[in-house]
Amino acid sequence: MEAATFASAKQIPTAGSSYSTPSSLNVSGSHSLQCLWRISRKLKPSKGFSIRASSSVDDDSVVTLLDYGAGNVRSVRNAIRFLGFDIKDVQTPEDIMNAKRLIFPGVGAFAAAMDVLNKKEMAEVLCAYIKQDRPFLGICLGLQLLFESSEENGPVKGLGLIPGAVGRFDSSNGFRVPHIGWNALQITKDSQILDDIGSRHVYFVHSYRAMPSDDNRDWISSTCNYGENFIASVRRGNIHAVQFHPEKSGDVGLSILRRFLDPKCEITKKPPVHRKASKLAKRVIACLDVRTNDKGDLVVTKGDQYNVREHTKENEVRNLGKPVDLAGQYYLDGADEVSFLNITGFRDFPLGDLPMLQVLRYTSENVFVPLTVGGGIRDFTDGTGRYYSSLEVASEYFRSGADKVSIGSDAVYAAEEYLKTGVKTGKSSLEQISKVYGNQAVVVSIDPRRVYLKDPDDVEFKAVRVRNPGPNGEEYAWYQCTVNGGREGRPIGAYELAKAVEDLGAGEILLNCIDCDGQGKGFDIDLIKLISDAVSIPVIASSGAGAVEHFSEVFLETNASAALAAGIFHRKEVPIQSVKEHLLKAGIEVRM
């Protein structure tokens, strides 16, 4: 069975579609953003279904949203609006009971969510709403909270509507935690909202899961296998909840949301996919290095070994396009994630970097796969003496549409201090953000440079034998970490840094290599194998991709969970679909 699209709606663009932004558009703080592209937002109403602007709870087009203020709920909002529905936010417990349909997109930590629900006196009312079998959709944590308790920072008592406790994935069996990426569902019963998607991948990002049991089996509508079969979705009557993120699962996720919002909607099936989803897919990620050019406009650029200026007399910033345009096109082309790296972040105060926040806001309106943003995620004191924590900075990015934040230089300093003292202070950006939003929301970007050695014992850092000897025939190398855009080397190796940031709360590692950046000769397999074998969190391979064969090489020879590229996509040298078709032929699971 295949995913559904909707006969009643304007067709959602698919791979191969394109669009353009007016050529006059510049994304900058001084230029209007009103002309940014929109994929179709005005959907034709289904037969018997009225779409009309209204603030009335009685209006069939209104969805009540329970947003308790943690994480990126903007994506859910954008998906609901994209499908032609209006949103009423829950302000009081009475708003829950007055809802015609209620969506609870839980994000963050279990204990924090329950604390908010209890303090706002919403927990009891939410239970009453669900017990009345009224239309409800819980997403991710919104599913977990339905269970009796969770081991996350606990045990912590849940809503107690479904028997069972939520526990952490076991990484001792070789599966990486968090579970991040596109995985397959095993449909176990009539699920209504999951009809016709059993052959497609959906997007998961979580470290904790609920397990099937005899006591909760009649609730389960689908499971997912990640070292063990865990509960992927539940349904009883009008009550639905999913562990994955439909708002981040592309057209498949939009079809799930539409089925919940309008169960009677007319649908048409998509053409069959080439291969049925069977397990966690390897991810192909498009990266956009974003910075201001010399005119003050935000542009996508790409460096050669981190140098982003053209080799011309003018020495201008290399301009490869507009960030919102490119992100949208990569979504249509099939990118599994889009990553923004704000490479002006180390010079500018992030909360004042309004153009980058606008890029996230506009991109998230129409791009329904995960968005990561990096650059400038750190503590800061402004010119007036006001202090902003890295948590406040990250929160602003999450509110603007980011699903994950990527931390670079600040993570290096935190790791150095941790390795020196052996103490987790709780004050580093890693610890602060992962505590509130979960470690799955925190990526650490490592920027190492190869240092060749004749003898691996010449340094205190982990060294490896390299497949390509150094300039003087050296057979070994260690990978020195850098900060400030690769301009400053630090006394810590990539291996040591990766192990330390995993301890401090990182949920994923973005592994770059300055030596390979922009060279198009392939990923640094020696480095990626070293790090992906050393940690139990997912590793994203980055730097050096120049051909489709480089992607299969890194997946077949290392334990990388994803591979990222930039320049070859921007310059249209290698299409994303060509990469995925090649990986399929090589026997590597990908989302199509």
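Me: In this predicted model, which residue is the bridge partner of F136 in β15?

Reply: The bridge partner of F136 in β15 is I239. F136 belongs to strand β5, residues 136-140, and β5 is joined to β15 by 4 bridges. The two strands run parallel.

Me: Which residue in β15 is the bridge partner of R236?

Reply: R236 is also paired with I239 in β15. Here the neighbouring strand is β14, residues 229-236, which runs antiparallel to β15 and is joined to it by 4 bridges.

Me: How many residues lie between β14 and β15 in their hairpin?

Reply: There are 2 residues between the two strands of this hairpin. G237, in the turn, has a positive phi of about 60°.

Me: Which way do the side chains of strand β15 point, and are they buried or exposed?

Reply: As a general idea, side chains in a regular strand alternate between the two faces of the sheet. In strand β15, residues 239-242, I239 and A241 point one way, whereas H240 and V242 point the other way. All of these residues are buried.

Me: What is the strand order in the open sheet of 4 strands?

Reply: The order is β7-β6-β8-β12, and the pairing is mixed. Strands β7 (156-157) and β12 (208-210) stand at the edges with a single partner strand each, so one side of each is left without a neighbour in the sheet.

Me: How many bridges join β8 to β12, and how do these strands run?

Reply: Strand β8, residues 162-168, is joined to β12 by 3 bridges, and the two run antiparallel. Within β12, R209 stands opposite G167.

Key:
Residues numbered from 1 in each chain as written. Predicted model: local features only at pLDDT ≥ 70, side-chain atom pairs only at ≥ 80, totals over all residues. Heavy atoms only, no water. Pairing = 2+ DSSP bridges. Buried < 20%, exposed > 50% of the residue type's maximum accessible area, 1.4 Å probe, protein only.
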